[in-house]
Amino acid sequence: MRSIKNYLNESIENEDYLSESVLDNSTIFSGRESDKEAIENWLNDNYKITGRLTIKDISGDIVIGCTGSVEVKNILRINSLTNGMFRWGVVRHYFDCVNCYELTSLEGAPEKVGGYFNCTYCRKLTSLEGAPKEVGGWFACSSCGELTSLEGAPMTVKGDFNCDNCKKLSSLEGAPIEIGGNFDCSRCTNLKSLEGAPEIVRGVFNCSECDSLRSLMGAPKEVGKSFDCIKCNKLTTLKGAPEKVGEEFLCFDCPRLTSLEGAPKKVGGKFYCSRCDSLTITDDDRRKYNIRDDRRLGL
């Protein structure tokens, strides 16, 4: 495999997707050669990199960009995304730090990622502070057992946003305002409210199996595809549900749900609410909400 040094010494042409601060070759790295060597060695030890790298000194900060993808290879030992001597700038394709069990912070992560950013199964990660500001693909921080909020999450995610199975996540505050794909916060058993959730989700919104969730207050105003709140054992009301759901609305297996009050005004597909033991469904409800006799489907 080619060394990081070879990548750093190559120039970049026709990579318009990157910010000018990374590509502007009028700025030359002016630090000590020993610093550059230390960075090269650290990158070689800890990352698998495809594409070309740039190294720039921007207002005293050493910033590294990549035209391809970056993947942590030393997953069992790495506890930081940099060695303190640099920060990541723009990564065109993806940045992958999945299964980094010792990683405690995203400080130094890329400012922008053109593809996906994946930090799932980082079991010591307590915060998303330092995450990219913009992700062109999907963003995943699933199964981060110590994560308590989404503060610091990207401002823009054009694909899916996955924060499912984060057992200590108690708030969605910090989530992007709009998600281009799906939003999944299912199996977050400490989540008591949807306050802070994106206002608009173009794909599916999934908050199923959130055992502490008591209401849907704070849910997106609009969901482009399905809305899923099945098996929310403490959910008693649909108040706060989206006003508009493009496809199916699923709220079955919610044993404490007593009323359909607050259900979406418009559901593009079917409405599933079977096996809600405390819920009485009238004929008017069936006509109003287009409720499907989903017992035939085993739902």
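**Exercise 1.** Is C141 buried or exposed?

*Solution.* This is a predicted model: local features need pLDDT of at least 70, side-chain atom pairs count only at pLDDT 80 or more, and totals for chains, interfaces and linings use all residues. Residues are numbered from 1 along each chain as its sequence is written, and side-chain values use heavy atoms, with hydrogens and water left out. Take the cut-offs: buried is under 20% relative accessible area, exposed is over 50%, and partly exposed is in between (1.4 Å probe, protein chains only). C141 has a relative accessible area of 0%. C141 is therefore buried.

**Exercise 2.** Work out the strand order of the open sheet and its edges.

*Solution.* Strands are DSSP runs (E, at least two residues), numbered from the N terminus. Two of them pair if DSSP finds at least two bridges between them. The order of the 11 strands is β1-β4-β6-β8-β10-β12-β14-β16-β18-β20-β22, with mixed pairing. β1 (47-50) and β22 (271-272) are the edge strands, each pairing on one side only. Now zoom in. β4 (residues 69-72) runs parallel to β6 (residues 95-96), over two bridges. There, V70 stands opposite F95.

Note on methods: Helix = DSSP H or I, 4+ residues; strand = E, 2+ residues; numbered from the N terminus.
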